[in-house]
Amino acid sequence: MSKRGGFDVPGFPAVWVARGLSLLTVLPLLATGTGSPARCVDLYLERVAEKLESPTYLTHAGDDRLFVTEKPGRILLIEDGAVSGTPFLDLTDRVQVGLEQGLFSMAFHPRYDENGWFVVFYSRLPDGASVVSRFRRSNHDPNLADPQSEAFLLVVPHPFPYRHHGGQLQFGPDGMLWVSLGDGGSFNDPLCHAQRRDSLLGKLLRLDFDGRVDAAPFYAIPADNPFLGPGDFPDEAWAVGLRNPWRFSFDRLGGDLYIADVGQDAREEIDFEPAGSAGGRNYGWRMMEGTACANGIAGCPAGVPPCGDPSLTPPVLEYLHVGGNCSVIGGYVYRGKAIPELYGRYLYGDYCSGRLFAASRQGEGDWSATELELRQGGLLSFGEDLAGEVYLLSAEGDVSRLARHGPIPELPSECITDPTSLCLAQERFRVRATWRSSTDSGAGAAETITADTGAFWFFDRANLELVVKVLDACAVHDRFWLFAAGLTDLEVVLEVVDTASGERREYQSAQGQPFQPIADTGAFATCP
């Protein structure tokens with residue numbers, strides 16, 4: 001296993017495996033729901049700050065200010081395009097810095113403007129223990145924190161120096177505090193911490209921050225955590241079997257959870273839990289690395305399931321250590337307005353090669369990934385601002401915003417019926433189909449059949465090629481479901497725009513194949 005830039009950075013692929021699909025070749029950026037060729041977009045990185053010292057994370061406090069954690073222990077404030085000369089908080093007197101040690105991340109309380117609380121995650125001097133602690137904003141200056149207000153929520157000793165702290169904090173859409181902890185090292189988790197029932201290591205934790213604010217440990221256990229009770233995994237745990245989940249995030253629109261778990265020597269993985277999940281998943285480390293058998297159960301506690309056991313949850317995406325790439329760096333589902341071509345896509349990248357990727361889900365279990373046509377060398381982390389725009393942080397000290405050249409395409413704020421567009425689900429969704437053959441192309445002629453169903457034909461009215469339905473399932477599932485099926489053997493692109501949220505999705509069928517039925521429960525989660 002290699003070490004680069006102070007963090008655990010084993011490998012990245014040229015070939016992807018998506019659950020429910022065969023091997024997928026990584027393609028240039030395509031703004032589609034399937035990873036098939038469609039419209040390209042010219043992206044670039046707009047530098048926001050430079051010459052920082054190993055910036056590890058970026059977030060916001062419910063306003064336009066940006067807060068950046070630096071590995072040595074400082075939290076910097078970026079406001080109006082300038083980095084403040086005085087750190088928001090300086091913890092260099094208590095942060096141990098090493099290969100995989102330092103200040104990892106921070107998270108602001110959902111009601112930070114009222115209570116001034118935020119949480120940080122760092123490795124502690126002098127023993128390197130993982131620390132999650134609470135601080136408070138200064139009473140005198142909103143751009144400063146009180147370094148003396150620290151209250152410890154978690155102090156987790158590490159069995160091996162330097163390695164596998166995890167490092168992410170996030171207040172979820174449920175208001176709970178989520179914490180990712182790595183297995184503590186060393187190679188192949190020799191003490192089997194990720195599967196041990198007496199250890200917090202190798203777990204994703206879920207804490208009720210507001211349930212106990214006045215006395216240690218300054219959190220409570222949520223009543224619906226999946227492992228409550230004696231004899232099971234720790235009460236704090238939400239998911240187990242993780243190696244080094246350096247970054248995870250929630251889709252700010254739908255609430256789905258994405259976990260980017262750094263692999264050992266062969267594979268990297270992206271794990272996924274849909275919104276509303278009951279938790280309790282075991283992602284299989286150390287028995288499995290991605291979908292492959294790894295180390296077996298020798299030395300693990302009794303009852304640990306073997307490789308391939310149905311109780312283990314495989315990743316939705318994984319990749320092999322080939323092509324000189326290394327560690328997966330998890331990002332966010334893009335919900336900004338500046339790059340509508342990426343809306344709803346999960347963005348992530350690789351530390352060593354700097355390659356950047358966008359993934360999407362189509363139907364139950366079907367995932368695909370496309371490669372963006374730009375790179376960020378030494379990628380350490382992603383960040384997200386109040387508006388949902390995405391930032392990239394590099395080991396060279398740069399903080400950059402993902403941006404696009406050219407004018408932003410206008411999306412409709414209302415659906416107006418025309419010969420090539422369907423207006424479905426009470427005229428909320430605009431649906432348009434375009435087609436192409438080996439010799440010709442055009443837009444599909446459209447006809448609305450009911451309030452939520454319509455049809456396209458490409459040559460004559462008697463030759464229906466594509467039927468689309470939007471199902472309002474908000475009362476039960478808090479989502480709109482999209483269904484489309486057709487018998488065409490043309491290349492077809494189906495564009496769907498939610499005029500209420502501005503979300504845009506494309507689905508594509510290759511020439512010579514029928515249009516596959518779509519049941520994308522994650523496509524449009526913006527119920528009234």
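Aromatic pairs number 25 in this structure, which is a predicted model. One of them joins Phe227 and Phe233 in an edge-to-face arrangement, with 5.2 Å from centre to centre and 70° between the planes, and both of these residues are buried. Salt bridges number 32, and several of the contacts described below connect residues that stand apart in the sequence, including Glu150 with Arg94, which are 56 residues apart.

**Aromatic contacts**

- One aromatic cluster is formed by Phe67, Phe88, Phe108, Tyr112, Phe118 and Phe135.

**Arginines over ring faces**

- Tyr112, a member of that aromatic cluster, has Arg137 lying over its face, at 4.8 Å from the ring centre.
- Arg163 lies over the face of Phe187, at 4.8 Å from the ring centre.

**Salt bridges between separate parts of the chain**

- Glu150 and Arg94 form a salt bridge whose closest N and O atoms are 2.7 Å apart.
- Since Glu150 lies in strand β14 (residues 145-156) and Arg94 in the loop between β10 (89-90) and β11 (103-108), the pair ties together parts that are 56 residues apart in sequence.
- Glu150 counts as buried at 18% relative accessibility, and Arg94 is buried with a relative accessible area of 16%.
- Asp251 and Arg335 meet through their side chains in a salt bridge of 2.7 Å, N to O, linking distant parts of the chain: Asp251 sits in the loop between β19 (247-250) and β20, and Arg335 in the loop between β26 (328-333) and β27 (346-350), 84 residues apart.
- Asp251 counts as buried at 5% relative accessibility, and Arg335 is buried with a relative accessible area of 8%.
- Asp251 and Arg335 are also linked with Glu503 and Arg505 in a network of salt bridges.
- Glu491 and Arg436 meet through their side chains in a salt bridge of 2.8 Å, N to O, and this pair links strand β40 (residues 491-498), which holds Glu491, with strand β34 (residues 429-436), which holds Arg436, the two residues being 55 residues apart.
- Glu491 counts as buried at 15% relative accessibility, whereas Arg436 is partly exposed, with a relative accessible area of 45%.

Key. Residues are numbered from 1 along each chain as its sequence is written. This is a predicted model: local features need pLDDT of at least 70, side-chain atom pairs count only at pLDDT 80 or more; totals for chains, interfaces and linings use all residues. Side-chain values use heavy atoms; hydrogens and water are left out. Rings of Phe, Tyr and Trp (its six-membered ring) pair if their centres lie within 6.5 Å; planes under 30 degrees apart count as stacked, over 60 as edge-to-face and the rest as tilted. Buried means under 20% relative accessible area, exposed over 50%, partly exposed in between (1.4 Å probe, protein chains only). A charge sits over a ring if NZ of Lys or CZ of Arg is within 6 Å of the ring centre and within 35 degrees of the ring normal. A salt bridge is a side-chain nitrogen of Lys or Arg within 4 Å of a carboxyl oxygen of Asp or Glu. Helices (H or I, at least four residues) and strands (E, at least two) are DSSP runs, numbered from the N terminus.
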